[in-house]
Structure formats: C-alpha cells, structure tokens
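Thanks for coming, everyone. I'll walk through one model, element by element. Here it is on the screen.

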Amino acid sequence: MCHDLLNPAGIVKGFTEVLLNIEENEKKRDFLHKIKRNNTHIINIIENASNWSKLESMDKIKLEIKDLGSVILKTPDVFSSQLEDKQMTVHFAVSGQYMARINPIVEEVFSNLFSNAIKYSPKGSDIIFDVVDMHDFWKVTVVDSGEGIADEDKVYVFDRFKRVNKKGVKGAGLGLSIVKRIIELHGGQVGVEDNLQGRGSVFWVTLKKA
Ligand code: ADP
C-alpha cells in the first residue's frame, strides 16, 4: 500500500524537478514550487503513516548500550537549511557521556521533537537540548520559545492525528505519536510542559540508563 502511494508521488517529484530545470517563466515556476512543496508533504505523510504502522505492530525492540549524548548532538545536522531559513540557533547543555539502553530508531524521536521546535517557533529564536540525571533514567528535554501548548491540549498532543493549532503549519499529527510509541518501546515516558524561562514548550522523554 505504502509503495503503491510512494511510487506515483516519486514520479510527480521527478517530473516537477525536470520542469523546474527548464522552465523560466516566473509564474509557472511558482506553480511548480507549490506542486513540489505539496508533493513533499504527501511523501512525508505516507512515510510517517508507514513508520507508524510498523511501530504499532512491534511489541519489542532490540536495545543496545550507546551514548545518548552523541545521538542528540547529531540531531540538527539534517535540518541546517531550515535552521538557516528561520535564523534559529541550537544550544546544547549536553556534555560528556550519557550511556543508555537504546535502539538506533531513537534518532527519530529527537528529529521529530527538533523539527516541531523549528516549525512552531518564530524566526530568530533558540532551541535548547539538555539531559537531566533522573537516577535510573536520563530525561532529555527539547526547549523552544514558540507558540507553546495550552494546558487542555497537553494530554492530547501525543495522540494520533491530533493537531492543536494548524496556523498554516503543515503536518499530519503523527510525529508526536511516533515519538510516544518509540519511547514506550524503550520503556520510557514522554511529556510536555511550559517553558518557564520564557514562552514556548519543553518536550521531554525518558530513557533507561545503561
Ligand atoms: P504535526 O506537527 O505533523 O501536526 P505532531 O504529532 O508532531 O504533528 O504534533 C501534534 C501537534 O502538537 C501539532 O500539530 C502542534 O499543534 C502541536 N505541537 C507539536 N510540537 C509543538 C511545539 N514545539 N510547539 C507548539 N506546538 C507544538
């Protein structure tokens, strides 16, 4: 099913790129960019839905002892162009090693939280990653200075297809449910609180120490 949907979307992507390489008319280029953006959005939704259903059918994942700090530090690498567009800065309050029992899929947790922090924050704001020692667990926090989440929505944002405030931001409401599922498979917990140092949110996850 996923491949049946991804193949035509991939063909649209390819031909749109071919046309963008030859088209010079500004108005037509603008239309092509719109097709490309929306097609990318379709591809992301299909990939997320496919990831979700794979995770949903899993009841166990293999955990290895790895340094969580190095996984966190790598997170912004694939978002450099979005960070540049929004002139945002990332700060790491992370130093040393944080040995934990994790599966490489945990990278997806941090990329989802990080990409939301970019999407829902204003230009020029900061994102902070931190790791707090909670005895048996590490608590990883991703702090943004964005629009924040109302108290009544905090319990729902991790639910499937839940989108609180669309305001033109594209998404399918699957990112945080994927975060929750991956963390559940690791035996950890997830949550969101207000950023008490200013505006925005603090998303957190806990992972077992090694
Ligand atoms: P998506 O971003 O695709 O809509 P998510 O599951 O990642 O789906 O997020 C669910 C909803 O939670 C979003 O639609 C948004 O309303 C809210 N949200 C997520 N992250 C943030 C954030 N950092 N700041 C404010 N709102 C957020």
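First, a term: contact means heavy atoms within 4.5 Å. With that in hand, take Asn103, which touches Ile61, Lys62, Leu63 and His186, not counting residues up to four places away in sequence. Asn103 lies in the loop between E3 and H5. Those labels are DSSP runs, numbered from the N terminus: helices are H or I with at least four residues, strands are E with at least two. Buried or exposed, at 15% relative accessibility? Asn103 counts as buried, because its relative accessibility is 15%. The cut-offs are these: buried is under 20% relative accessible area, exposed is over 50%, partly exposed is in between, with a 1.4 Å probe and protein chains only.

Housekeeping. This is a predicted model, where local features need pLDDT of at least 70, side-chain atom pairs count only at pLDDT 80 or more, and totals for chains, interfaces and linings use all residues. Residues are numbered from 1 along each chain as its sequence is written, and side-chain values use heavy atoms, with hydrogens and water left out.

Start with H1, residues 2–22, and H2, residues 26–57. They pack at an angle of about 155°, with their axes 9 Å apart. Axes here are lines fitted to C-alpha atoms, for helices over the stretch in contact, and angles run from 0 to 180 degrees between N-to-C directions. That makes H1 roughly antiparallel to H2. For the wording: under 35 degrees is roughly parallel, over 145 roughly antiparallel, 65 to 115 roughly perpendicular, and the rest oblique. On the H1 side, the contact includes Leu5, Ala9, Val12 and Thr16. On the H2 side, it includes Leu32, Ile35, Asn39 and Ile43. By class, this contact of H1 with H2 has eleven nonpolar, four polar and five charged residues. Ala, Val, Leu, Ile, Met, Phe, Trp, Tyr, Cys and Pro count as nonpolar; Asp, Glu, Lys and Arg as charged; the others, Gly among them, as polar.

Who meets whom? Glu108, Val109, Asn112, Leu113 and Asn116 in H5 meet Gly175, Leu176, Ile178, Val179, Ile182 and Ile183 in H7. That contact has seven nonpolar, three polar and one charged residues.

Stay on H7. How many of its eleven residues are buried? Nine are, and H7 is mostly covered. The buried residues pack against H2, H5, strand E6 (190–194) and E7. After H7 comes Gly187, with a positive phi near 75°.

Asp59 is in contact with Arg181 and Leu185, leaving aside its neighbours within four places in sequence. Asp59 and Leu185 are 126 residues apart in sequence, but 7.0 Å apart in space, C-alpha to C-alpha. Asp59 counts as exposed, because its relative accessibility is 72%.

Last, the core. A nonpolar core is a set of buried Ala, Val, Leu, Ile, Met, Phe, Trp, Tyr and Cys residues joined through side-chain atoms within 4.5 Å. The largest one has 41 residues. Leu68, Ile72, Val109, Phe110, Leu113, Phe114 and Val205 touch the most other members. Elements giving two or more residues to this core include H2, H5, H7 and strand E7 (201–208). Phe114 itself is in contact with Thr75, Pro76, Phe79, Leu83, Val90, Ile127 and Phe129, leaving aside its neighbours within four places in sequence.
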